[in-house]
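Take a walk through this protein, from its overall make-up to a few single residues. Keep the 3D view open as you read.

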Amino acid sequence: MSQKLEITNFGPVKQASIVVTPALILIGQQASGKSTIAKLIYFFQSLSTEFFTRFYQSDNVGVDRTHDLIIPIREKFYDFFGSTFHLPDFQIVYHYDENRTLTLSLTSKKRINALFSDDFFTQEDYNELRGYKRMLLQLKTELENIDNVARKVALDERHLVYLHHLADKINALFCNNHNDSLFILAGRNATIGYSETFENMLQQSIQKNIEEQGHRAFETKEQTIDETLMLSFMQRVVKMRQSFINLGNFEGMIKNANSRLKPKLKLANKLIHEVLHGQYSNSEFGERIVHPGQGYVYLKNASSGQQESIRILQDAFLSIYQGNKLLRIVEEPEAHLFPEAQMATIQLLVLMLNSSPSGHLILTTHSPYTLTVINNMIYAAKVGTKRPEQVNEIIPKELWLPLENVSAYILQNGEAVDIIDPELGEIKAELIDEISNVINNQYDQLLQLDDSDGTED
């Protein structure tokens, strides 16, 4: 069963029911609610980490529902979305599976109320969690009181085993199959062109602000989600850049990859070249785009499209290389890109999704080209069942996207409208072309005026 998000009267979204399939596309005008939905999904998907951290660090053997669950949910919600004092009553329901739901609403005092469904935690679940925690506390005590090195190593290994058991159990309760989650914000060119000293200062400033927010009362917290997400994104960028310093460029990574991965990585590199029209490299001299026979340009001096897209391209390539179970939320992947480059970027992201076991990709976009490219990959998967070799020549099979793995919604007038046509098996074309129809109608009206003799009837 796919997970589902239901929203009533929260922010710009008045009513929405979103099925969270492996590929989820959200399209709409500015301030229509795309980012609100994306951030809510990210919020609910990350609660297992909050629960694990609280429960593991507590001194209690059993689960304290208020301390380990309700309070962390409230804190995280206020960090993500700010004070709720000014908000009207709302209801947000996240269906992790058929038996497990979490409902958020406001109390009479305008504080977050978190309600788990009756079957979310069974007594057997509580007993299993208690057993793992008891063993971890016991092993921790033994480790603190032992000097024998060999015995200490053995206890460390047992401690790590039970730690993994606890994490796996909590992830299973929250139906979380991901081990690599990242929210790629719009405006990602903020990671381009700064010295490492300035970047470190910026990260420290963001971290300090987040920590100061954490000490404030729930009700007075300001919205810090973009700062929190930007901090984690900047930290990921540092690691990505270091990977390319070690191996030089995308070709360097392909040479070091195992033979099974090389075909996918070569396809990824081909798509990346269609976006950059050059070769990315990183060294002690800095990040550059190399144009064979024409020299190079430093990334800080590159085009806005290259700057906006490079972090998406790097992350997608590394994700394919590493093969993690990923959750990726990407805002406006088409920003500043020509339509052909938009197509290559979307194809690369789908290649990343198809290379990830249990992966999820959520895109927010303003571009109808995104929907058209997705439609082509859906159609390729359909026709590919009958004529695989011929379709593979047009669209490589690594980019095929089965319809059952896709959901798409347009946000308008406070509602999320499903734009998948089940009969045609694709995203509804008339919604993709709606703005084109408006433009064409305007042109037809002007053409009629131009053809008239200028006299009124």
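Two residues are in contact when heavy atoms of theirs lie within 4.5 Å. Keep that cut-off in mind for what follows. The model is predicted.

Start with the whole chain. The protein has 15 helices and 16 strands. It has 457 residues, and 48% of them count as buried. Now look at contacts between residues at least 6 apart in sequence. Of these, 67% join residues at least 24 apart.

Next, find helix α2, which spans residues 47-57. Its buried residues are L47, S48, F51, R54 and F55. Where do they sit around the helix axis of α2? They fall within an arc of 135° when you look down that axis, so they line one face of the helix.

A search of the whole structure finds two cavities of 30 Å³ or more. The largest share comes from α3, with four residues. Sorted by class, the lining has six nonpolar residues, two charged ones and no polar ones.

The second largest cavity holds about 30 Å³ of space. N375, I378, Y379, K382, L424, G425 and E426 line this cavity. Helix α12 (residues 368-384) gives the most to the lining, with four residues. By class, this lining has three nonpolar, two polar and two charged residues.

Now turn to the nonpolar core. The largest one has 125 residues. Those with the most contacts inside this core are L5, F44, F77, L104, F174 and I374. Helix α11 (residues 339-354) gives the most to the core, with nine residues.

Move on to I312, in helix α10 (residues 304-322). Is I312 buried or exposed? Its relative accessibility is 1%, so I312 counts as buried. Leave aside its neighbours within four places in sequence. I312 is then in contact with I184, R188, V330, P333, T345 and L349. Compare I312 with I272. They are 40 residues apart in sequence, and their C-alpha atoms are 9.9 Å apart in space.

Most residues other than glycine have a negative phi. E332 is not a glycine, yet it has a positive phi of about 50°. E332 is in the loop between β11 (326-331) and α11. With a relative accessibility of 25%, E332 counts as partly exposed. S358 also has a positive phi, near 60°, and is a residue other than glycine. S358 lies in the loop between α11 and β12 (360-365). Its relative accessible area is 40%, so S358 is partly exposed.

Definitions and conventions: Residues numbered from 1 in each chain as written. Predicted model: local features only at pLDDT ≥ 70, side-chain atom pairs only at ≥ 80, totals over all residues. Heavy atoms only, no water. Buried < 20%, exposed > 50% of the residue type's maximum accessible area, 1.4 Å probe, protein only. Helix = DSSP H or I, 4+ residues; strand = E, 2+ residues; numbered from the N terminus. Arc of directions from axis to C-beta. 1 Å grid on protein atoms, 1.4 Å probe; cavity = no way out; pocket = protein on both sides within 12 Å on 5 of 7 lines; lining within 4 Å. Points joined across faces, edges and corners; volume = space filled by probe spheres on them. Nonpolar A, V, L, I, M, F, W, Y, C, P; charged D, E, K, R; others polar. Core = buried A, V, L, I, M, F, W, Y, C linked by side-chain atoms within 4.5 Å.
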